[in-house]
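Dear colleague,

Please find below the structure that I am handing over to you. My notes on what was found in it follow directly after.

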Amino acid sequence: MPASPPHDPTLLAGGTGGPRALRPLVDTVFTALTDGAAARCGPLPGGGPDGVARRVADHGTPVLPEQGHGAHDALRELVYVLAEGAADPADPHCAAHLHCPPLAVATAADLAASALNPSMDSWDQAPAASALEERVAAGIGALVHPSGRDPDALVTTGGTESNLIGVLLAREVHGRRLRLICGADAHHSAHRAAWLLGLDTPLVLPTPRGVLDPTTVDEALAGLDALECPSPRPPTPAVVFATAGTTDTGAIDPLGALADVVAAHRPTRAVTLHVDAAYGGPLLFSDRHRTRLAGVERADTVTLDLHKLGWQPVAAGLLTVPDRTALAPLAHRAEYLNADDDTEAGLPDLLGRSLRTTRRPDILKIAVTLRALGRRGLGELVDAVCAAAHQLADLIEAEPLLRLRARPGISTVLFRPQNATDAQVAAVRRGLLHEGHAVLGRARAVDPATGHPALWLKVTLLNPHTQESDLHGLLKLVLDQHQHQHRHQRQERDPRR
Ligand SMILES: *Cc1c(COP(=O)(O)O)cnc(C)c1O
């Protein structure tokens, strides 16, 4: 490979000269990405944590050399080792988590965001970026709450932060006695939000069918005051924390019925509805699947993650509200960013649009993606991964050595080798990880055959280009790994065999 001409590593990315400084560096990055992926030749580096750490040390030492190695060397070595050692969600056999393969178009937009480096905490650091965010956030708010009075969305780092702000808004309206009510399968960030905000521990309702039962929620709301002694006046305020797409199974709570329950309690109790649609929210793009979220538009706050079913590079979280006045409790003043007289003179006030101060313009990649694909294009990607999940479920049902837990909720499939123990299921996953052949997740969930919790292999399909042959290949890897370990265990028990 011809050596790149020397490059002054102090050149800047912005201005009219920025692209000229960037272009040769980006070429070096592309080469390193290509070579790293080719060297890995699979969804994950082989050899486990020790092998990866050794290669990172080889390529990344010294961390702070006395004399700089120059821009091309630094990019070549470190981008290469990161690519070679990546868990690559663009590989169809990398399907453990809600970890999506980002679209090239969104990634290209993110490069521009880095080059321009607007910071979203004041207008004078982000004039066009803040105007773009205002428009796009309103558009996404309207997608979720089409008949809202003045829909809006905040851009967040993801579902964890969105859930925190959703619960924070409820607390600011209803006070610190607020009780969070959620199902047993709610995301752990619901519990973290309650903890961070100094609320009582959440009231966790059982979900024997995998989703919140509106009758159970109704009874929990009616019984809230009995939990406080002496019985309080006024009644304990609550936020019902529903989920549209649980992380493990993609289950969607009955949102319309839950909105009815919340509405029925409102005359006698301060209660709001938050929907964690971090995973399922993008079903709204799909003509085929969007009715499954019916009722979400009635929620007070909705969490949505476009770095899951939205094919964005991290981070691309959102929190939508039907009426932007609901965001007023987040208002915050700092003389140097949004002085009263600046705001009165017409400079947009951005500080109340986040809990953060300095903030990346994550809206750019989102805006570019929405425009490039349109609602229909995004909906087709959603349809493709949901169809792939059903295809995988069909293949598992047709394979006598495997057992499917249930038909997929969104794009997640839980299954296990027939007659395997939990320890064997866990070992299959780790064996595949260690060899670098496949990245599967794990989930503990009730086995419908026994009624008891069991450990399952979890496949989360987020790659819209996954083919049936990829799914066949994945199941073969699982079966081979299981049989290999089974043989190995028998040999250990009886070394003469
Ligand atoms: C992923 C997920 C979250 C957390 O989102 P992050 O973007 O990882 O912070 C919250 N809720 C659900 C249902 C999720 O699947």
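Which domains does the domain assignment of the protein give? There are three entries: domain 1 (18-86), domain 2 (112-373) and domain 3 (374-493), with bounds that come from an automatic or database domain assignment. Please note that this is a predicted model, in which local features need pLDDT of at least 70 and side-chain atom pairs count only at pLDDT 80 or more, whereas totals for chains, interfaces and linings use all residues. Residues are numbered from 1 along each chain as its sequence is written, and side-chain values use heavy atoms, with hydrogens and water left out.

Domain 1 and domain 3

The C-alpha centres of domain 1 and domain 3 are 31 Å apart. Seven residues from domain 1 and seven residues from domain 3 take part in the contact (heavy atoms within 4.5 Å). The size of an interface is often given as the accessible area lost when the parts come together. Here the buried area is about 440 Å², and carbon and sulfur atoms give 63% of that area; the value is the accessible area (1.4 Å probe) that the two parts lose on being put together, summed over both. On the side of domain 1, Pro43, Leu44 and Gly47 supply 77% of the area buried against domain 3, more than any other three residues.

The ligand

Around the ligand there are 14 residues, of which Thr160, Asp276, Asp305, His307 and Lys308 come nearest (a residue counts as near if one of its heavy atoms lies within 4 Å). This shell divides into two nonpolar, nine polar and three charged residues, Gly being counted among the polar ones. Helix H6 (residues 159-174) gives the largest share of the shell, three residues; helices (H or I, at least four residues) and strands (E, at least two) are DSSP runs, numbered from the N terminus.

- Asp305: an N or O atom of the side chain, at 2.6 Å.
- His307: a polar side-chain atom, at 2.8 Å.
- Gly159: a polar backbone atom, at 2.9 Å.

The protein covers 85% of the 380 Å² of accessible area that the ligand has on its own (Shrake-Rupley method, 1.4 Å probe).

Backbone geometry

Most residues other than glycine have a negative phi, and most peptide bonds are trans. Cys41, in the loop between helix H1 (18-40) and H2, has a positive phi of about 45°. A cis peptide bond joins Thr61 and Pro62, with omega about -5°; Pro62 is in the loop between helix H2 (48-59) and helix H3 (71-84). Another cis peptide bond joins Val314 and Ala315, with omega about 5°.

Yours sincerely

Conventions: Polar contact = N/O pair within 3.5 Å; in protein donor to acceptor, adjacent residues only side chain to side chain.
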